[in-house]
Amino acid sequence: MLTEVEDRRPQPQVPLLAASGLSKSFGGIKAVDNAAIEVAQGSITGLIGPNGAGKTTLFNLLSNFIRPDQGRVIFDGEPIQQLQPHQIAQQGMIRTFQVARVLSRLSVLENMLLAAQHQTGENFWSACLQFRQVAKEEKQLKERAYAILESVGLTHMTHEYAGALSGGQRKLLEMARALMVQPKLILLDEPAAGVNPTLINQICEHITTWNREGLTFLIIEHNMDVIMSLCDRVWVLAEGRNLAVGSPSEIQTNSEVLEAYLGQ
Ligand SMILES: Nc1ncnc2c1ncn2[C@@H]1O[C@H](COP(=O)(O)OP(=O)(O)OP(=O)(O)O)[C@@H](O)[C@H]1O
Ligand SMILES: [Mg+2]
């Protein structure tokens, strides 16, 4: 009789996120033109390119904030083109914005609590019926929020209006909000833009720590020190198209990439 033997050969790794053939035009402008990207599970992957290269539009297409004209996106083994952005977030893919979107007139803590989705208390009737459960969940959420705020050094701002935060602190709050939903993949759109160098270092340290804890990242950034120090692999976009992909050192010495930057 045949016995099943465990297959110990290294398995080809399936990317956590894989997109191909993505295109989006605005009027006559092809913002993204037949672009592909892959993000390996557990990686910190970079996405770079000159201004207007289509990086943010690609994020919008990956997270379905904008519908692609063409293309396919697979996240965690499932096609996600049909899903709404909030459904994609529920599947574990969260994105942040180039200009941090925080709710200025709510406190930092309220911003954190609102980021958590699908709690029992969202539904009025279930809230009435499950009062104790709601109270318990609320307590757990608050504890989680306090712990995350402490890890990003925002504890002292917990009860301040989010509008009182500096640009860099807003970026931290956006990341902290993303962590509230325990995602698998976070897409960061220029986490270091407009942030002072000390805070940039802190942000990089947080990203490294969260990555070691199992979170995967895709990061758009113009700050090459950030990209080179954090990323395992870097994708380069120019005029909406894939220009290059490789390790940070390969990308740094790629003449086509240098030309694209110099030509802007
Ligand atoms: N909603 C829109 N309507 C019209 N054109 C748009 C829209 N969004 C982006 N574009 C255009 O698409 C192109 C790509 O823009 P995108 O913001 O994706 O570039 P980017 O690589 O993120 O640039 P940056 O590094 O400056 O943030 C640009 O020419 C931009 O003007
Ligand atoms: Mg952009």
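Let me start with strand β3, residues 44-48: 5 of its 5 residues are buried, so the strand is largely enclosed by the rest of the structure. Buried here means under 20% relative accessible area, with a 1.4 Å probe and protein chains only. Strands are DSSP runs of E of at least two residues, helices are runs of H or I of at least four, and both are numbered from the N terminus.

Before going on, the conventions. This is a predicted model, in which local features need pLDDT of at least 70 and side-chain atom pairs count only at pLDDT 80 or more, while totals for chains, interfaces and linings use all residues. Residues are numbered from 1 along each chain as its sequence is written, chains are lettered from A and ligands numbered from 1 in the order in which they are written, and side-chain values use heavy atoms, with hydrogens and water left out.

Back to β3. In a regular strand the side chains alternate between the two faces of the sheet. Here both faces are covered: Ile44, Gly46 and Ile48 are buried on one side, Thr45 and Leu47 on the other.

What does β3 pair with? Pairing requires at least two DSSP bridges between two strands. β3 runs parallel to β8, residues 216-220, over 4 bridges, and parallel to β9, residues 233-238, also through 4 bridges. Gly46 has Ile219 as its bridge partner in β8 and stands opposite Val234 in β9. Ile219 of β8 also stands opposite Leu188; β7, residues 185-189, pairs with β8 in the parallel sense over 5 bridges.

Now the whole sheet. It is open, has 6 strands in the order β6-β7-β8-β3-β9-β10, and its pairing is mixed. The edge strands, each pairing on one side only, are β6 (93-95) and β10 (241-246). From one strand to the next the twist averages 15°, using lines fitted to C-alpha atoms, for helices over the stretch in contact, with angles from 0 to 180 degrees between N-to-C directions. Helix α10, residues 255-262, packs on this sheet and touches β3, β9 and β10; its direction makes about 130° with that of β10. Contact means heavy atoms within 4.5 Å.

Last, the core. A nonpolar core is a set of buried Ala, Val, Leu, Ile, Met, Phe, Trp, Tyr and Cys residues joined through side-chain atoms within 4.5 Å. The largest has 48 residues, and Phe217 is among those with the most contacts inside it. Helix α6, residues 167-180, gives the most to this core, with 7 residues. Leaving aside residues up to four places away in sequence, Phe217 touches Ile44 and Thr45, among others. A second, separate core has 26 residues, including Leu22 and Leu83.

Key
Buried < 20%, exposed > 50% of the residue type's maximum accessible area, 1.4 Å probe, protein only.
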